Amino acid sequence: MNPFETLSAPILAAFSELEPDDLVFAPPPKLDMGDVALRTFECARKLKMPPPAIAARIANEVAFGPDVAEVSTAGPYVNFKLDRAAFGRAIVAEALGRGAGFGSNGSGAGKRALVEHTSINPNASPHVGRARNAMLGDSIVRLLRFEGYDVEVHYYVNDIGRQIALLVLACDDPASMSFDDMLDVYRAANARAEAEPEFAEQGYALLARIEEGDAETRERFHAITDLCLKGQVAVLARLGIAYDSFDRESDHVRDPRLEPVVEALRERGAVFTDEEGRLSVDLSKLGHEHDEGRYIALLRSNGSSMYAYRDVAYTIDKMERGADLNLIVLGEDHKLHMQQIALILDAAGKAAPEPVYYAYILLKEGKMSTRQGKVVLLSEFLDEATARAAEKVDEQCTDLAAEERAAIAEKVAVAAIRFAILRVGANKNVVFDWESSLSFTGDTGPYVQYSCARIASILRKLAAQTGAPAPTEVAGEFPVETDAEWALLTKIASLHETVAAAVRQRSCAPVAQFALDTARLFTTFYHECPVIDAGSDAQRNARAQICMATRQAIENALGLLGIDALERM
RNA sequence: GCGCCCGUAGCUCAGUUGGAUAGAGCACCGGCCUUCUAAGCCGGGGGUCGUGCGUUCGAAUCGCACCGGGCGCGCCA
């Protein structure tokens, strides 16, 4: 697993106080200092000795195996020169041996996870801001599955809100509507509600009727929300995003499981009826310390449910499914609300899901707004990106059939958007810019895909020459002579650490960084280390296998991001 | 006003639980396609890590204050 166990084992044997986690190996700043470095600050703390003294003792007193060529110190660091061939062979053997599972730590083996993400209101075509939720959620799902979790993906369909009622009112004849009309209809309905209070009143009346269980009204809502949901899911499917369960909010307007919760709140003295007759909660009685968000209403005076009620009910429903890990991906605007829900549930001795928040994607002109039509639609972006990618593919892959070229172009477009979104930390606002988003050069998904296409090309040509694909079994000599090869190999070996960090952070951003770093190191290798024209059979074979291991590492990393590695582009 | 998030090169961002000289890309300048795909590579300029105190052997990273941006505090969800 860890290729540096050969280094850590003798150190642990010599210092019984130390544990494996105290030994942190990393590449030195310059490869001429050593092939790998150990820093001794952690050990020093534990052994209560100055770091340089520890470093000296490790260098002078510990007996390392034959794979360690030289041990030196540089202040608090111990630098090792290694038998690169031995380590390189082990790394490649591990990557090729584990294949699609390479980099997984198996931390989710035997565990179940439930992830709710996307949950866009079923009104109009999703914009790229909404899609950030979907991409973040989907990548976390992929990450958890990679780690061995059995994951269920849930999508909460908000099918009974005020905004939906307005949309329903505006669609007299749902059968004649298409999803593409919805954005305009939605916009117009909101504008009308703004101008005509009676129209907005009709919306509330409609909501009341569906809560009463009126079947015809329910049908009307479903017809519209289904149309919207199908359209939205189809766009998200282009990004490779799929769901296991669509849970309708309208199924949670009445729930007997809320009774014990309200009872628990009552016992804490946290329930009261407000001046408008609403059943409300005073969260200050539950430990909420601030004025803002202190009160939250559950039921209207007429007994109809408010969103907080439905959210509590739905959350209970999800939690009772018994997953070991429960996550929900939410825009940062939902922070307070989620805290409120969690407090209410906690008062009743129930747990809430762990939230993963993200900040908004902004336009140069300000924030996006579906109602005002100030948006960049996801489908619009994908179409434009695909068209741009197609130009390049058409000129570069002239031997491929048109459908094949089109499929590649679409995958490049998906890579561009997913990589651009997933590589930055979720809690950072990003400003959407058409020009840079459509650029496929530099730190981009297509750049990473390109490195895979080059690997595939080398291996294709090599196989054509020798008449057989390069073997996946690592055997015989394994020369590793250049820094370019070594740097690439140690990067590949670090994938499992990156994955572990991603799981801790609930974010695939480190994985995107890994893919980029690996692609860059490969490109250096590509320019410096000829494979087909290598100096010897052994070197050709070793380099071909380094290529395969690299492809496996990048492919696995891209897989977590929902991006396909490409054979050709 | 109160709470949460963010502030690193002209621009967009990395920077694992504090650790060796703060890294990429874009843009700019100079090289490289009879050589495994130039969606590429090599070299160059460019930084008071928002500001100020503090904790520490050591701070972009931790704490406090301030400044700037985002979000929230609804019979919207």
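This is a predicted model: local features need pLDDT of at least 70, side-chain atom pairs count only at pLDDT 80 or more; totals for chains, interfaces and linings use all residues.
Guide: Two residues are in contact when heavy atoms of theirs lie within 4.5 Å.

Visitor: What does F80 touch?

Guide: Leaving out residues up to four places away in sequence, F80 touches L7, I11, F25, G34, D35, V36, L38, F64, V68, E70 and V71. In the largest nonpolar core, F80 and I11 touch the most other members, out of 123 residues. Helix 20 (residues 537–561) gives the largest share of this core, 12 residues. At least three residues come from each of domain 1 (5–82) and domain 2 (378–560).

Visitor: What makes a set of residues a nonpolar core?

Guide: The members must be buried residues of the kinds Ala, Val, Leu, Ile, Met, Phe, Trp, Tyr and Cys, joined through side-chain atoms within 4.5 Å. A second, separate core of 24 residues includes A165, V168, Y186 and V253. In soluble globular proteins, nonpolar side chains tend to be buried together.

Visitor: How far apart do the C-alpha centres of domain 1 and domain 2 lie?

Guide: The distance between these two centres is 33 Å.

Visitor: Why is S451 called buried?

Guide: The relative accessibility of S451 is 2%. Buried means under 20%, so S451 counts as buried. This residue lies in helix 16 (residues 445–466). Residues up to four places away in sequence aside, S451 touches A519, F522 and I554.

Visitor: Why is T118 counted as buried?

Guide: The value for T118 is 6% relative accessibility, and the cut-off is under 20%, so T118 counts as buried. T118 sits in the loop between strand 5 (112–116) and helix 5 (128–146).

Visitor: What is the phi of T118?

Guide: Phi of T118 is near 70°, which is positive in a residue other than glycine. Most residues other than glycine have a negative phi. R506 also has a positive phi, about 55°, although R506 is not a glycine. R506 is placed in the loop between helix 18 (495–505) and helix 19 (509–528).

Visitor: Why is helix 7 called roughly perpendicular to helix 8?

Guide: Helix 7 (residues 182–195) and helix 8 (residues 197–211) pack at an angle of about 115°, and their axes are 5 Å apart. Angles of 65 to 115 degrees count as roughly perpendicular, so helix 7 is given that label against helix 8. A189, R192, A193 and A195 of helix 7 meet P197, F199 and A200 of helix 8. By class, this contact of helix 7 with helix 8 has 6 nonpolar, no polar and 1 charged residues.

Methods
Residues are numbered from 1 along each chain as its sequence is written. Chains are lettered from A and ligands numbered from 1 in the order in which they are written. Side-chain values use heavy atoms; hydrogens and water are left out. Buried means under 20% relative accessible area, exposed over 50%, partly exposed in between (1.4 Å probe, protein chains only). Helices (H or I, at least four residues) and strands (E, at least two) are DSSP runs, numbered from the N terminus. Domain bounds come from an automatic or database domain assignment. Axes are lines fitted to C-alpha atoms, for helices over the stretch in contact, and angles run from 0 to 180 degrees between N-to-C directions. Angles under 35 degrees count as roughly parallel, over 145 as roughly antiparallel, 65 to 115 as roughly perpendicular and the rest as oblique. Ala, Val, Leu, Ile, Met, Phe, Trp, Tyr, Cys and Pro count as nonpolar, Asp, Glu, Lys and Arg as charged, and the others, Gly among them, as polar.
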